[in-house]
Amino acid sequence: MLETNIIRVRYWAAAKAAAGTAADDLPVSGPLTLAEVRRRAVDLHPGTRLAEVLQACSTLLGEQPVGSRDPNQVVVEPGTSVEFLPPFAGG
């Protein structure tokens, strides 16, 4: 599969623990919303706390923070990396 036909989802810290993996590749045929990327990531890991953890995460598309933008309005193109970063203690 060509890399441009996937969206790479990376999990950090508690998200990685909840997913049981550091990353997933989502096969796609076109762009998805960030909300759809989240839903598909959660569907890959049924019976886990991943949905709850992702709700608390900061998100990067490539190297760009999503911030407070509506996940239903954020478009994720094939070939893009989505990173979920839970809040970190200590800081």
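**Entry 1: Ala 13**

I looked up Ala 13 and found it partly exposed, with a relative accessible area of 40%; buried stands for under 20%, exposed for over 50%, and partly exposed for what lies in between, with a 1.4 Å probe and protein chains only. I noted that this is a predicted model, in which local features need pLDDT of at least 70 and side-chain atom pairs count only at pLDDT 80 or more, while totals for chains, interfaces and linings use all residues. I also wrote down that residues are numbered from 1 along each chain as its sequence is written, and that side-chain values use heavy atoms, with hydrogens and water left out.

Ala 13 sits in the loop between strand 1 and helix 1, where helices (H or I, at least four residues) and strands (E, at least two) are DSSP runs numbered from the N terminus. Its phi is near 50 degrees, which is a positive value in a residue other than glycine.

**Entry 2: Ala 35**

I then turned to Ala 35, which has its place in helix 2 and is partly exposed, at a relative accessible area of 22%. Setting aside neighbours within four places in sequence, I found Ala 35 in contact (heavy atoms within 4.5 Å) with Pro 71 and Asn 72. From C-alpha to C-alpha, Ala 35 and Ile 6 are 16 Å apart in space, and they are 29 residues apart in sequence.

**Entry 3: the core**

Next I looked up the largest nonpolar core, which has 22 residues; such a core is a set of buried Ala, Val, Leu, Ile, Met, Phe, Trp, Tyr and Cys residues joined through side-chain atoms within 4.5 Å. Strand 1 (6-11), helix 1 (14-19), helix 2 (34-43), helix 3 (50-56) and strand 7 (81-85) each supply at least two residues of this core. Among the residues with the most contacts inside the core are Ile 7, Val 37 and Val 82, and I saw that Ile 7 touches both Val 37 and Val 82, with Leu 26 and Pro 78 also among its partners.

**Entry 4: the whole chain**

I counted 3 helices and 7 strands, which follow the pattern β-α-β-β-α-α-β-β-β-β along the sequence. The radius of gyration, 12 Å, is close to the 12 Å that the globule rule gives for 91 residues, so the chain is as compact as a globular protein of that length; the radius is taken over C-alpha atoms, and the rule is 2.2 Å times the number of residues to the power 0.38. Finally, I noted that 34% of the 91 residues count as buried.
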